[in-house]
Amino acid sequence: MTKTFKLALLTSTLLGSAAFAETTLTIESWRNDDLTIWQDTIIPAFEAQHPDIKVVFAPSAPAEYNAALNSKLAAGSAGDLITCRPFDASLELYNQGHLADLSGLASMANFSPVAKSAWQTDDATATFCVPMASVIHGFIYNADAFEALGIAVPTTTEEFYAALDKIKADGTYIPMAMGTNDQWEAATMGYNNIGPNFWKGEEGRLALIAGEQKLTDPQWVAPFAELARWKDYLGDGFEAQTYPDSQNLFTLGRAAIYPAGSWEISGFNTQAGFKMGAFPPPVAAAGDTCYISDHTDIAIGMNAASPNAEAAKVFLDWVGSPEFATLYANALPGFFSLNATPVEMADPLAQEFVSWRSKCQSTIRSTYQILSRGTPNLENETWNASANVIRGTETPEDAAKRLQDGLATWYAPQQ
Amino acid sequence: MAARKPVRWHIAVFLAPAVMVYTALMIIPLFGTLFQSLMNETEGGDRVFVGLQNFATLFGDALWSDAFWNALGNNAWFFVIHMAVQNPIGIALAAILSTPRLRMAAFYRTAIFIPTILSFVIVGFVWKLILSPIWGIAPGMLDAVGLKFLFAPWLGKEEYALTTLALISVWQFVGIPMMLIYAALLSIPDEVIEASEMDGITGWSQFWKIKLPLILPAIGIISILTFVGNFNAFDLIYVAQGALAGPDFSTDILGTFLYRTFFGFQLQLGDPYMGSAIAGAMFGIILLGVCVYLFGIQTRLRRYQF
């Protein structure tokens with residue numbers, strides 16, 4: 001009797017573990033800033049509906065994420081769910097067989113082709129990550145400072161520099177908070193922030209990919225020329241100013257304007273003790289069509305080698321739902337949902353950013369699709385060139401020529 | 001017929017753990033990397049043997065060779081600063097510490113040695129803060145003595161950044177030559193010192209004529225340790241300036257160049273084959289330097305037996 005019982009117990013343990021025991025899913029991500037939001041808001045909401053699946057959010061530092069993830073995937077120790085960088089970094093992982101094809105996932109129907117384009121094969125036959133959010137570039141400003149100095153929100157380039165001059169003349173605030181130590185801000189919040197107004201968004205970006213425009217054309221050099229003008233409005237010693245330094249300068253109220261990505265919103269909301277506002281990159285003349293960088297930035301896919309594929313698909317399907325979109329967009333104002341269902345957002349600054357979608361033309365960062373496939377890598381070169389131009393050690397023309405020459409060494413349409 | 005010597009198994013047995021650990025952790029990865037540097041991937045993703053083609057690209061293609069020579073040049077400067085600043089200061093500190101009249105020698109010794117055991121992450125972060133033009137104490141301190149005009153955002157200027165980082169590294173590691181030289185100075189027998197004093201050689205001339213020749217082998221060892229350490233350096237630059245080793249690659253050394261190539265960076269994907277070629281070139285440079293020292297310098301150093 002006891003023997004049978006023991007046997008039954010043993011069998012049930014063995015079988016039961018396969019069918020009923022909790023599955024633990026691990027998420028790889030570079031968003032270590034979001035750790036508490038995932039732990040306190042998103043994961044509990046999912047686990048409430050799926051008590052049999054446990055989710056662990058395991059982020060690493062943004063600058064190390066790609067390298068660390070590639071090594072982990074190669075070694076077979078990566079988590080079940082992989083947060084996807086847009087375009088080639090993820091495409092390469094898919095081509096290497098590390099990311100599973102998710103085209104068949106039911107919730108994929110909730111996303112527009114543009115939203116999915118960053119995580120598809122070039123022919124769009126396979127989609128391998130569920131789009132989560134895009135980020136919009138613009139400028140966040142200290143509304144109290146603007147009011148005190150009597151500055152109206154600038155809409156044209158002329159007004160923009162007039163405002164900067166006024167802030168500089170007053171001397172209370174550093175006109176603009178940006179440094180060149182980390183380089184990427186110069187490219188991402190500088191070049192790709194103001195650039196779309198010059199190269200007319202998608203029109204210029206696609207023409208560059210097709211080889212019809214060159215980086216040495218006036219519309220691609222002009223953003224560099226603008227960046228060169230920024231130098232005079234940055235703080236003392238901006239050459240050694242890091243990204244966190246810039247964030248702190250602004251949130252401590254020492255700088256008036258911050259060239260931003262919308263991902264800053266939640267951090268700034270908790271840090272800044274003053275009223276903030278935002279304006280899109282200024283246009284050349286009043287009434288011109290404005291273009292904004294509305295960059296498909298973050299998605300989530302499945303490790304093809306994951307032993308928990310079924311549970312992972314359940315989770316991914318939920319990530320594609322309007323419920324997740326609302327939860328995510330509100331927990332992280334500034335990460336705008338790519339879901340076709342419109343999401344209500346409570347944060348005024350986030351509302352301001354997202355309102356530009358209706359009055360401006362959206363595009364994505366010019367260097368991300370296809371053009372950063374070769375060596376030298378156009379995106380990384382752009383970081384270096386933008387930082388050099390702001391520091392004044394390279395002229396806009398030289399920088400543009402260097403990028404064009406580098407691109408032409410490997411990209412056939414530009415040869 | 002003499003009895004055959006018994007096989008001395010215990011030698012092999014005692015050596016085995018060390019040999020096995022060293023083989024598994026050092027020798028196999030080293031040869032694996034060197035072998036990988038001779039491979040590459042075809043369009044279809046197959047690994048093929050390409051001979052020295054990766055090295056031909058590294059040294060022949062301006063795209064790669066410019067970056068390589070830039071990194072090597074920076075690395076050489078990094079090494080020169082260490083040799084010219086760290087080691088003389090280390091020797092001087094050791095000489096001062098070994099003076100019998102110095103009070104609180106143990107305290108100074110410990111205080112100077114402590115940075116050596118700190119993590120690069122801490123050292124890089126602390127110095128970045130000290131030198132920060134925004135929050136740092138360096139501008140304020142210079143201002144207090146009326147030298148504010150000397151301050152510059154050193155880590156952000158192409159002409160100063162590498163030297164600044166090398167000096168930070170010197171600050172961190174000056175304790176090592178100090179300790180080694182200190183030990184060498186203490187091991188000089190008192191009879192030799194006394195004999196020199198009998199001959200009227202004291203003070204500075206005693207240091208130059210008696211002590212320095214006796215510690216030359218220790219200085220040689222320190223030089224080669226510095227050389228190997230500097231050409232393998234990576235951490236400090238990565239922590240302070242990131243993998244792109246800004247501004248404008250002026251702080252790029254072989255280690256950061258290798259990291260970017262091997263693991264990739266941001267949108268740039270990793271290339272393990274070219275990365276291995278760079279690692280192979282680094283290995284060659286270090287091997288060459290060590291050989292020059294071993295055969296060219298160490299064999300000529302005069303040693304004294306007491």
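Buried here means under 20% relative accessible area, exposed means over 50%, and partly exposed is the range in between. The model on screen is predicted.

**Stop 1: the Glu381(A) and Arg402(A) pair**

Select Glu381(A) and Arg402(A). They form a salt bridge whose closest N and O atoms are 3.9 Å apart. Glu381(A) sits in helix α16 (residues 378–391) of chain A and Arg402(A) in helix α17 (residues 396–408) of chain A, so that the bridge links distant parts of the chain, 21 residues apart. Arg402(A) has a relative accessibility of 26% and therefore counts as partly exposed. Glu381(A), at 18%, counts as buried.

**Stop 2: a cis peptide bond in chain A**

Move to Thr375(A) and Pro376(A). The peptide bond between them is cis, with omega at about 0 degrees. Pro376(A) belongs to the loop between β10 (361–363) and α16 of chain A. Most peptide bonds are trans.

**Stop 3: Lys72(A) and Glu28(A)**

Next select Lys72(A) and Glu28(A), which form a salt bridge with the closest N and O atoms 3.0 Å apart. Which parts of chain A does this pair tie together? Lys72(A) lies in helix α3 and Glu28(A) in strand β1 (residues 23–29), so the bridge connects parts that are 44 residues apart in sequence. Glu28(A) is buried, with a relative accessible area of 4%, whereas Lys72(A) is partly exposed at 29%. Side chains of opposite charge can pair when their charged atoms come close. Over all chains, a search of the whole structure finds twelve salt bridges.

**Stop 4: two positive phi values in chain A**

Select Phe87(A), in the loop between β3 (81–84) and α4 of chain A. Its phi is near 60 degrees, a positive value in a residue other than glycine. Phe87(A) counts as buried, because its relative accessibility is 5%.

Then go to Lys200(A), in the loop between α8 (184–199) and α9 (202–210) of chain A. Lys200(A) is not a glycine either, and has a positive phi of about 55 degrees. At 40% relative accessibility, Lys200(A) counts as partly exposed. Most residues other than glycine have a negative phi.

**Stop 5: the second largest pocket**

Select Glu92(A), Glu41(B), Leu269(B), Gly270(B) and Asp271(B). Of the 38 residues that line the second largest pocket, these lie nearest its centre. The pocket has a volume of about 1,500 Å³.

To see the lining by element, colour α3 (62–75) and α4 (88–95) of chain A, then β1 (39–41), α2 (53–60), α3 (62–97), α12 (254–263), β4 (268–269) and α13 (272–297) of chain B; each of these elements gives two or more residues to the lining. Which element gives the most? It is α4(A), with five residues. By type, the lining residues divide into twelve nonpolar, 19 polar and seven charged.

**Stop 6: helix α12 of chain B**

Seven of its ten residues are buried, so the helix is largely enclosed by the rest of the structure. The buried residues are Leu254(B), Gly255(B), Thr256(B), Phe257(B), Tyr259(B), Arg260(B) and Thr261(B).

From Arg260(B), show the side chain of Asp252(B): the two meet in a salt bridge, at 3.0 Å from N to O.

Just after α12(B), Gly264(B) takes a positive phi of about 80 degrees. The peptide bond from Gly246(B) to Pro247(B) is cis, with omega near -10 degrees.

**Stop 7: a nonpolar surface patch**

Finish with Ile114(B), Ile117(B), Leu118(B), Val121(B), Ile122(B), Val126(B) and Trp171(B). Together they make a nonpolar surface patch of about 610 Å². Helix α5 (residues 120–131) of chain B supplies the largest share of the patch, three residues. Ile114(B) is in the loop between α4 (105–113) and α5 of chain B. With a relative accessible area of 41%, Ile114(B) is partly exposed.

Key. Residues numbered from 1 in each chain as written. Chains lettered and ligands numbered in written order. Predicted model: local features only at pLDDT ≥ 70, side-chain atom pairs only at ≥ 80, totals over all residues. Heavy atoms only, no water. Patch = residues over 30% accessible without salt bridge, like charges linked within 9 Å, V, L, I, M, F, W, Y side chains within 5 Å. Areas by Shrake-Rupley, 256 points an atom, 1.4 Å probe, with all protein chains shown as cover. Salt bridge = Lys/Arg side-chain N within 4 Å of Asp/Glu carboxyl O. Helix = DSSP H or I, 4+ residues; strand = E, 2+ residues; numbered from the N terminus. Buried < 20%, exposed > 50% of the residue type's maximum accessible area, 1.4 Å probe, protein only. 1 Å grid on protein atoms, 1.4 Å probe; cavity = no way out; pocket = protein on both sides within 12 Å on 5 of 7 lines; lining within 4 Å. Points joined across faces, edges and corners; volume = space filled by probe spheres on them. Nonpolar A, V, L, I, M, F, W, Y, C, P; charged D, E, K, R; others polar.
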